Amino acid sequence: ANAPAATHVLSVSSDAPFLPDDLASRLAGALAAEPATRIALAGSRGNVHPVIGLWPVTLADDLEASLRAGQRKVRAWANGHGAIVAEFPMHAIAGGDVDPFFNANTPEELDEARRLLPLIRP
């Protein structure tokens, strides 16, 4: 409603500090490569990150109806609309791999994120 020219909304989780710089463009590219697909979700290491995705605004009314009906599973709703997964590579850091969708949910994970941040984005 606030951006009538918008065709899609990009969503990300607030606990993922290492999101790829090309997240939006790669998700959009995945949609362009699959014209029948409407939703692109991020993936890494074979895992789907259903909160991180590119969503068409034309599905807003359907999403609202599904939420009112009690649907709370993001991936189930997205799969019902033919979602695809765009796979993202790991960040290669100091001889190891760091998931670009690493979650910092605990104090220990936050400490790890603080340690890795300067190595990923110098």
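Visitor: What should I know about the model before reading it?
Guide: The model is predicted, so local features need pLDDT of at least 70 and side-chain atom pairs count only at pLDDT 80 or more, while totals for chains, interfaces and linings use all residues. Residues are numbered from 1 along each chain as its sequence is written, and side-chain values use heavy atoms, with hydrogens and water left out.

Visitor: In what order do the strands of the open sheet stand?
Guide: Strands (E, at least two residues) and helices (H or I, at least four) are DSSP runs numbered from the N terminus, and two strands pair if DSSP finds at least two bridges between them. Here 4 strands form an open sheet with mixed pairing, in the order β1-β3-β2-β4. β1 (8–11) and β4 (84–87) are at the edges with a single partner strand each, so one side of each has no neighbour in the sheet.

Visitor: How many bridges join β2 to β3?
Guide: There are 5 bridges between β2 (residues 40–44) and β3 (residues 47–56), and the two strands run antiparallel. In this pairing, G43 stands opposite V48 in β3.

Visitor: How do I read a nonpolar core, and which residues touch the most other members?
Guide: In soluble globular proteins, nonpolar side chains tend to be buried together. A core is a set of buried Ala, Val, Leu, Ile, Met, Phe, Trp, Tyr and Cys residues joined through side-chain atoms within 4.5 Å; buried means under 20% relative accessible area, exposed over 50%, partly exposed in between (1.4 Å probe, protein chains only). The largest core here has 14 residues, and L23, L27, A40, A42, I52, F88 and F101 touch the most other members. α1 gives the most to this core, with 4 residues.

Visitor: Is H49 buried or exposed?
Guide: H49 is buried, at a relative accessible area of 15%, and lies in strand β3. Its side chain makes a polar contact of 2.8 Å with that of S44 (N or O atoms within 3.5 Å, one able to donate a hydrogen and the other to accept it within protein; residues adjacent in sequence count only if both atoms are side-chain atoms).

Visitor: How is an aromatic pair described, and how many are found?
Guide: A pair of aromatic rings is described by the distance of the centres and the angle of the planes. Rings of Phe, Tyr and Trp (its six-membered ring) pair if their centres lie within 6.5 Å; planes under 30 degrees apart count as stacked, over 60 as edge-to-face and the rest as tilted. The whole structure has 3 aromatic pairs. For F18 and F102 the centres are 5.6 Å apart and the planes at 40 degrees, so this pair is tilted.
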